[in-house]
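Open your viewer and get ready to click along.

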Amino acid sequence: MAKAKNRSLVLAGGGIKVGFQAGVLEVWLDEAGLSFDHADGASGGCFNLAMYCQGMSGKKIADNWRNLDPFMPVDLNWEHYWKLTYAPSLFTYDNFRQKVLPFWGIDWKEINRSKKVGTFNVFNFSKKELEVLTQDRMDEDYLMASVSLPMWFPPVVINGQTYIDSVYITDGNVEEAIRRGADEIWAIWTVSTHDEWRDGFIAQYFHIIETVADTNFFSIWRRIKENNDEIAAGKKGEFGRHIEQKLLQAEVPIHYLINFSKDRMAETVNLGVKTAREWCKKNGIPMKKKGDSYPLEIHTAETKLQFTEEMKGYFTEGVKEYDEGYTEGKGDDNFLMFHLTIKIDGVNRFVTQPEHEAEAEGWLEYEPLGGKLTVKKGIFNLFVHEDDPKRKKMLYRLFFTGKDGKPYTLSGFKDIHDDPKFDLWSDTTTLYTRIYKGHVEVEDEVDAKILGSGILHIYELDFIKQLTTFRAEGPTPHDRIAAMNRFGMLFLGKLWDVYARRFIEYGPM
């Protein structure tokens, strides 16, 4: 019988981006049913490791982040602000100790006697060395020390020695997994690797973190690959055995520390769920349990919202390029438009699901296919997350039937990105449009037959009219106002992600 592989889980740091990591754990632990012989945590990943060692399910860990009020941990170290540049820190961890850990249900007795082997990384500043503590030695002080990022939070003094976050030495201790005999290393990496240098103290502080964390992690990750290549070539290799590498890496659209939106945190966790499911499918990891679509409503009131949108432009058949289709269509007066009512059946789910998907009802007008045509099924997606954090997309997919009795699909997208000139208006009001023959889903577009292409726009007067069409439904006036506010904050927050990154890379609200 083949020897069972020794499997390690690396829960890397990333500030509150580790909410995404919690979503991945919901899939890996609960839906895929994965088990690990050892788990390692660094920086923010130590929070998830503590919950894991306590025996919480992946969903429980994820729900703890989904339900976290972002203001609960905030505790300004205002007593020392008068010291200005000599203040010990901007914040303290008092509220984390007194409110967040009890809210999460952290039980140190359970963690200390856990059968799950966990190693927590903390930097002993007094000795200038990394300390790796097993779950039986952990307590609240060491946990706070493991996430005490200098300048943001004060160091923790334990037995007369000063401890801080280990991020400058390691933000994912792969070496510990190797030392413990891992044959497989499963790692979740959320520290940004995006090539974007931004000015300002806050941005550059975290650029330093990225510089150190990415360099250390991917250096050892490359060494493992080189080791595996050498072993495959019949050589000994640096580590003397093949080590299978399982890395889930993502650009997570939330700031490392600055966030005031419960909806954005829940969306971050749900993005982890969505990404992990896609990753498992791509990597042939079978699911032992079917997960919920989106497992938790973070607000109890059921609310709905709708608005209308009208876009007009020009279209040319037999043309693939959007600009060419628009220009030729305008010259030929080949007019195309649609009038849609966007219906959000459940604001809770809309603002916290990564797809931000809603139903689109209405009609489109295109004379060569028969004039005014009813949309049989329509899908609208608001600000879909891209791998490039500086870009978002709004997506439209409208299924309809022409007067010739044949099925067609209008597929359009708005490309939201920040150019050197101020282009927010043009980005959010320009729809690059194609019509396909047949009812075509997004995954089938590559092989679908194109009828033609063009561009549609929202005109100023139509936009003003659109603003008057917003309607919310809910049990009380307060719920209806809250639904409108949550939609508005989602919209503005995503625009911040693209156009205001020079201040803070992701919208805090």
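Start with the largest pocket, which holds about 1000 Å³ of space. To find its middle, select Lys274, Val384, His385, Glu386 and Leu395, the closest to its centre of the 35 lining residues. A pocket here is an open set of points on a 1 Å grid over the protein atoms alone, where a 1.4 Å probe fits, with protein on both sides within 12 Å along at least five of seven lines; lining residues have an atom within 4 Å of a point. Volume means the space filled by probe spheres set on the points, with points joined across faces, edges and corners.

A quick word on what's on screen: this is a predicted model, where local features need pLDDT of at least 70, side-chain atom pairs count only at pLDDT 80 or more, and totals for chains, interfaces and linings use all residues. Residues are numbered from 1 along each chain as its sequence is written, and side-chain values use heavy atoms, leaving out hydrogens and water.

Which element gives the largest share of that lining? Colour helix 9: five residues come from there. (Helices are DSSP runs of H or I, at least four residues, and strands are runs of E, at least two, numbered from the N terminus.) By class, the lining has 16 nonpolar, six polar and 13 charged residues. Nonpolar covers Ala, Val, Leu, Ile, Met, Phe, Trp, Tyr, Cys and Pro; charged covers Asp, Glu, Lys and Arg; the others, Gly among them, are polar.

Next, select Ile16, Phe153, Tyr256, Leu257 and Ile258, which lie nearest the centre of the second largest pocket. About 590 Å³ of space is there, and its lining has 23 nonpolar, six polar and three charged residues.

Now for some helices. Show helix 1 (residues 18-31) and helix 2 (residues 45-53): they pack at about 35 degrees, axes 9 Å apart. Axes are lines fitted to C-alpha atoms, for helices over the stretch in contact, and angles run from 0 to 180 degrees between N-to-C directions. Display Val18, Gln21, Ala22, Leu25 and Leu29 on helix 1, and Gly45, Asn48 and Tyr52 on helix 2, to see the contact (heavy atoms within 4.5 Å).
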